[in-house]
Amino acid sequence: MTDYRIILGNRRYSSWSLRGWLVLRLTGVAFEEIVIPLYRPESKAAILAHAPSGLVPALEADGIAIWDSLAIAEFLHERFPDAEEVLQIWPDEALDPGTLDANAHVVTLTHDPKFDLPVLAQALRSEAGYIGALGSRTTHRRRLTRLREQGFDPAQLARIRTPVGLDIGARTPEEIALSILAEMVAARRGRDGRPLVERRGPIHGDA
Ligand SMILES: N[C@@H](CCC(=O)N[C@@H](CS)C(=O)NCC(=O)O)C(=O)O
């Protein structure tokens, strides 16, 4: 019987790890999970002991290593073609603009145009109250060009917040998440995210 072992980072902030793990879980097969704390001096060597890419997730099955989350998904799909819950769809196909109202917050995090662009286009077609995209200004200039080609006008494109988050000097994944969530709250409450010590009016008052 095949033993399946998945090597991954913390699923809460490594979305690549989450994807590999999710697909494996949806097959219904029993598996062992090896969680490697990321971004520590010893992390790379620990991952390299399992996958030559030095990146998580990686899957071990029948003495072979499979890495890159898409390769893991492909491999598992071939092994478990009947796993009904495995969704073979792209993120934008899963995202129905009709379900996103003013309370919806959409942020793309992959930096990969093949995932980010279709999702941003769907979000722009929706009423989502907050649309953000992680990535450099150069990446965003390229995104804007592609979205303009799809017919979005400057006013529509201005809804995308990027670089996303408040300026708190965030570096780690946790800090970046905090900066994005803080901006979401500020946007929702109509505030600009300045320190409270600089606020003249009532702290909980209207913007
Ligand atoms: N394209 C790869 C990306 C994997 C990836 O970038 N993993 C990150 C964590 S989210 C990683 O292992 N980082 C560790 C490092 O760079 O040392 C996949 O789909 O699996």
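Colleague: Which residues of helix 1 are buried?
Modeller: In this predicted model, Ser17, Gly20, Trp21, Val23 and Leu24 are buried in helix 1.

Colleague: Why do they end up on the same side of helix 1?
Modeller: They cover an arc of only 160 degrees around the axis, so they share one side of helix 1.

Colleague: How many residues does helix 1 have, and what is its reach?
Modeller: Helix 1 spans residues 15–27, which is 13 residues. From first C-alpha to last it reaches 19 Å, close to the expected 18 Å.

Colleague: And what comes just after helix 1?
Modeller: Glycine 28, with a positive phi of about 85 degrees.

Colleague: Switching to the ligand. Which residues surround it?
Modeller: Gly9, Ser14, Trp16, Leu38, Ser43, Lys44, Leu55, Val56, Pro57, Asp68, Ser69 and Leu70. By class, that shell has 6 nonpolar, 4 polar and 2 charged residues.

Colleague: Which helices each supply at least two of the shell residues?
Modeller: Helix 2 (43–48) and helix 3.

Colleague: Now the largest nonpolar core. Which members touch the most others?
Modeller: Ile6, Ile7, Leu24 and Val56, out of 15 residues. Strand 1, helix 1, strand 3 and helix 3 each give two or more residues to this core.

Colleague: What does valine 56 touch, beyond four places away in sequence?
Modeller: Ile7, Leu8, Gly9, Ser14, Trp16, Ser17, Ile36 and Ile47. Val56 is also one of the residues around the ligand.

Note on methods:
Residues numbered from 1 in each chain as written. Predicted model: local features only at pLDDT ≥ 70, side-chain atom pairs only at ≥ 80, totals over all residues. Helix = DSSP H or I, 4+ residues; strand = E, 2+ residues; numbered from the N terminus. Expected span 1.5 Å × (residues − 1). Buried ≥ 20, exposed ≤ 12 C-beta atoms within 10 Å, placed from the backbone. Arc of directions from axis to C-beta. Near = placed C-beta within 6 Å. Nonpolar A, V, L, I, M, F, W, Y, C, P; charged D, E, K, R; others polar. Core = buried A, V, L, I, M, F, W, Y, C linked by C-beta atoms within 7 Å. Contact = placed C-beta atoms within 7 Å.
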